[in-house]
Amino acid sequence: MDKKSVGLSGSFKGNTPQKSFTKNPIKGTKFTIAISSAKGGVGKSTFAMNFALALKAVGQKVGILDADIYGPSLPKMMSINEKPKSQDGKNMEPINQYGIQCMSIGFLVDKDTPMIWRGPMVTSAIKTFTQKVLWKDLDFIIVDMPPGTGDTQLTFAQEIKVDGTIIVSTPQEIALLDVVRGINMFDKLKVPILGLVDNMSFFETDEGKKYNIFGEGGVEKIAKDYKKEFLGKIPINIDLRIASDSGKPLVEKNPNHKISEIFKEIATKIKGSFL
Ligand SMILES: Nc1ncnc2c1ncn2[C@@H]1O[C@H](COP(=O)(O)OP(=O)(O)OP(=O)(O)O)[C@@H](O)[C@H]1O
Ligand SMILES: [Mg+2]
């Protein structure tokens, strides 16, 4: 456990005393990696599921924590329709799917029920998921973050030992603006940025012609400008989308697919930086 003092944003500085937080590791795992992006819909959840399965494919024991309280994706993407069990009425057991330990708020509420919660309730749900879930003997927990720079990000950064974050973006200019905001937030909160991923990077036809639908090179350039690692490009691809919608992510469904190989390369790189 390490204690850190974290400042608030500029406009509040001077009026508010600095608060000290204790960062608790998630029990049952060695490393916690958050998959984040300030902008929504860029492919965090798709990346998180496939990356987790890629880490499993390269020999790691992995869990996925879906931290998107308002819009959980894990139950659908991993095809889970059961409720977690509790032996003692206090702690929950994660649900095993494709060799991965999984937890999501979506396991606990009906899929059509909106979570109309204020920030403090989100914070307390996150604490429950990190402290009251019986994660077992994991090397990595992959946290699928909600979009933005809000309560969930702050709770993880201040109160949970996060070993690093991977920032996902599309190469579109409007998304790149948010990447910079995301980098600045994690730098400020002293969460190590493991690298940036360029998702929906390009579209490749069957004949091998490439189209840069959302622009080109922007994510890599930001990585360079901000001295962060560039982890790779994932094309926009129908097999990847269909696999996610079918509840069996591509890396599990077709481990030899060209795109599954990209996920495994990234997983090998990240594994190597921890072990
Ligand atoms: N490389 C890709 N190729 C094709 N489809 C993709 C790709 N990446 C993501 N998608 C699709 O784009 C949509 C949004 O992806 P996803 O839900 O992973 O984004 P997100 O960043 O987690 O969104 P949110 O901010 O709402 O949590 C999904 O339908 C997903 O299947
Ligand atoms: Mg998501």
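**Exercise 1. The shell around ligand 1**

Task: In this predicted model, find how many residues surround ligand 1 and which are the closest.

Solution. Step one is the count: 17 residues surround ligand 1. Step three sorts the shell by class. It holds 7 nonpolar, 7 polar and 3 charged residues.

**Exercise 2. Polar contacts and cover**

Task: Which atoms of Val42, Thr46 and Asn237 approach ligand 1, and at what distances?

Solution. Apply the cut-off: a polar contact is a pair of N or O atoms within 3.5 Å. Start with Val42. A polar backbone atom of Val42 sits 3.1 Å from an oxygen atom of ligand 1. Move to Thr46. Here the side chain takes part: one of its N or O atoms is 2.6 Å from a ligand oxygen.

Now turn to cover. On its own, ligand 1 has 630 Å² of accessible area, and the protein covers 79% of that.

Last, assign the shell to elements. Helix H1 (44-57) and helix H7 (238-246) are the elements that give two or more residues. H1 gives the most, with 3 residues.

**Exercise 3. H1 against H9**

Task: How do H1 and helix H9 (residues 258-274) pack, and which hand has their crossing?

Solution. Take the spacing: the axes of H1 and H9 are 8 Å apart. Take the angle: about 70 degrees. Angles of 65 to 115 degrees count as roughly perpendicular. H1 and H9 are therefore roughly perpendicular to each other. Their crossing is right-handed.

**Exercise 4. H3 against H4**

Task: Classify the packing of helix H3 (residues 119-131) and helix H4 (residues 151-159).

Solution. The two axes come within 9 Å. They cross at roughly 45 degrees. An angle under 35 degrees would count as roughly parallel, and 65 to 115 as roughly perpendicular. H3 and H4 are therefore oblique to each other. As for hand, H3 and H4 make a right-handed crossing.

**Exercise 5. H5 against H6**

Task: Repeat the analysis for helix H5 (residues 173-188) and helix H6 (residues 218-225).

Solution. The axes of H5 and H6 come within 10 Å. The crossing angle is roughly 30 degrees. The cut-off for roughly parallel is under 35 degrees, so H5 is roughly parallel to H6. H5 passes H6 in a right-handed crossing.

Methods
Residues numbered from 1 in each chain as written. Chains lettered and ligands numbered in written order. Predicted model: local features only at pLDDT ≥ 70, side-chain atom pairs only at ≥ 80, totals over all residues. Heavy atoms only, no water. Near = heavy atom within 4 Å. Polar contact = N/O pair within 3.5 Å; in protein donor to acceptor, adjacent residues only side chain to side chain. Areas by Shrake-Rupley, 256 points an atom, 1.4 Å probe, with all protein chains shown as cover. Helix = DSSP H or I, 4+ residues; strand = E, 2+ residues; numbered from the N terminus. Nonpolar A, V, L, I, M, F, W, Y, C, P; charged D, E, K, R; others polar. Axes fitted to C-alpha atoms, helices over the stretch in contact; angles between N-to-C directions. Parallel < 35°, antiparallel > 145°, perpendicular 65-115°, else oblique. Left-handed = near helix turned anticlockwise from the far one by under 90°.
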